[in-house]
Amino acid sequence: MPSTRACCGCFVLLALLVPPGLLLLSLPLQLELLRSQDSSFLTRWRKSIDGKDVPLPDGMLVGIATAPAHVEDNLNDAWLSFAKAGKVAAWHNYPAPEDRLQFWSRPEEELDLAQESGSDVLRLGIDWARTFPKAPEHMNQTYIDGVLGRYREILEMVKARGMKVMVTLFHHSLPEWSADLGGWTVKRTIDDFVQFGTLVMESMGDLVDYWTVLNEPHVYAMLTHCAGVWPPGIDPGPISMVECIAPGGTYETVLRNMADAHGQLYKIYIQDSLRKGTARPAIGVAHH
């Protein structure tokens with residue numbers, strides 16, 4: 001018969017593992033409920049203001065946000081591979097989903113709609129995987145310059161329509177070569193991302209009003225590494241789930257590395273503005 005001490009040990013282990021494991025397993029459902037609540041709130045709010053003028057605080061900007069993985073065509077990113085593997089439900093709701101909204105090849109239509117809506121600012125991303133489809137040591141500078149030049153053209157279109165520009169550098173889309181190297185769990189990714197962010201600043205920083213270096217880093221860390229429901233979609237298993245959220249675990253490591261990259265880019269962007277004598281850039285992180 002098992003000893004009392006062994007039974008107590010098993011009970012304690014289960015007590016430690018089960019609650020966080022159930023929490024992580026329920027994350028997709030919780031997120032769906034939150035989306036439903038958001039939608040319900042917006043519907044009620046829209047009905048309550050129907051036909052009324054709604055005053056906004058001075059200095060408040062109203063805008064539209066996009067992300068490359070949502071809107072850009074000709075983009076061979078991790079989300080495309082994820083969707084083709086059957087892990088994105090909306091993939092089958094559109095006749096040519098890989099084209100998304102064709103914002104890369106034909107951004108004018110979407111930008112006109114944003115202008116017509118009265119948006120003060122447009123938030124859009126510069127895709128890391130598009131700029132660096134391969135690791136930096138295997139890239140051609142001419143190719144990189146061509147991609148960043150096209151993004152600059154799009155930002156100029158935004159400006160021409162009277163909107164401010166908010167640029168996001170990381171919107172939950174990690175290059176697959178970086179994921180293969182360990183992604184945000186390894187220090188190398190900090191250097192690679194800082195290199196990318198610096199090139200973006202040098203290429204189009206004069207057109208950017210607001211910088212969002214990272215979009216919802218804690219959400220990315222949790223759903224990618226702890227829950228395994230975002231690309232590359234590796235099922236971590238219950239033990240790894242617990243390890244992920246434990247002190248010093250993968251969740252903390254990812255956030256520390258992301259914070260390090262953000263801090264480095266913040267200093268680079270501020271130093272660049274001081275050197276040029278331009279206005280101090282607005283730099284931050286989008287928090288969910």
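A residue counts as buried when its relative accessible area is under 20%, as exposed when over 50%, and as partly exposed in between, using a 1.4 Å probe and protein chains only. Of the 288 residues of this protein, 41% count as buried. The model is predicted, so local features need pLDDT of at least 70 and side-chain atom pairs count only at pLDDT 80 or more, while totals for chains, interfaces and linings use all residues. Residues are numbered from 1 along each chain as its sequence is written, and side-chain values use heavy atoms, with hydrogens and water left out.

## Overall make-up

The protein has twelve helices and five strands. Helices (H or I, at least four residues) and strands (E, at least two) are DSSP runs, numbered from the N terminus. Contact means heavy atoms within 4.5 Å. Among contacts with a separation of 6 or more, 76% join residues 24 or more positions apart.

## The loop between α4 and α5

Arg100 lies in the loop between α4 (78-84) and α5 (108-116). The table gives the relative accessible area of each.

| Residue | Relative accessible area | Class |
|---|---|---|
| Arg100 | 10% | buried |
| Leu101 | 41% | partly exposed |
| Gln102 | 21% | partly exposed |

Arg100 counts as buried because its relative accessible area is 10%. Its side chain reaches the backbone oxygen of Glu72 at 3.2 Å. The side chain of Arg100 also makes a polar contact with the side chain of Asp77, at 3.0 Å. A polar contact is a pair of N or O atoms within 3.5 Å; within protein, one must be able to donate a hydrogen and the other to accept it, and residues adjacent in sequence count only if both atoms are side-chain atoms.

Leaving aside neighbours within four places in sequence, Arg100 is in contact with several residues, including Pro68, His70, Leu80 and Tyr94. Leu101 touches His70, Val71 and Glu110, again not counting residues up to four places away in sequence. Leu101 and Pro68 are 33 residues apart in sequence, and their C-alpha atoms are 9.8 Å apart in space.

The backbone has positive phi values here. Phi of Arg100 is near 50°, a positive value in a residue other than glycine. Gln102 has a positive phi of about 55°, although it is not a glycine.

## The cavity and the core

Rolling a probe the size of a water molecule over the atoms shows where empty space is left. On a 1 Å grid over the protein atoms alone, a cavity is a set of points where a 1.4 Å probe fits but cannot get out, and a pocket is an open set with protein on both sides within 12 Å along at least five of seven lines; lining residues have an atom within 4 Å of a point. Grid points are joined across faces, edges and corners, and a volume is the space filled by probe spheres set on the points.

By this rule there is one cavity of 30 Å³ or more. The largest cavity holds about 60 Å³ of space. Its lining includes Pro68, Ala69, Trp128, Leu169 and Phe170. β3 gives the largest share of that lining, three residues. The lining divides into six nonpolar, four polar and one charged residue. Here Ala, Val, Leu, Ile, Met, Phe, Trp, Tyr, Cys and Pro count as nonpolar, Asp, Glu, Lys and Arg as charged, and the others, Gly among them, as polar.

A nonpolar core is a set of buried Ala, Val, Leu, Ile, Met, Phe, Trp, Tyr and Cys residues joined through side-chain atoms within 4.5 Å. The largest one has 57 residues, of which Trp128, Leu169, Phe170, Trp184, Phe193 and Trp211 touch the most other members. Not counting residues up to four places away in sequence, Phe193 touches residues including Trp128, Leu169, Phe170 and Trp184.

## The second largest pocket and α10

The second largest pocket has a volume of about 440 Å³. It is lined by 24 residues, of which Ala179, Thr224, Pro231, Pro232 and Ile234 lie nearest its centre. Elements giving two or more residues to this lining are α4, α8 (176-180) and α10 (217-226). α4 gives the largest share, four residues.

α10 is largely enclosed by the rest of the structure, because eight of its ten residues are buried. Thr224 is one of the buried residues. Gly228 follows α10 and has a positive phi, near 70°. Pro232 lies in the loop between α10 and α11 (237-245). A cis peptide bond joins Pro231 and Pro232, with omega about 5°.
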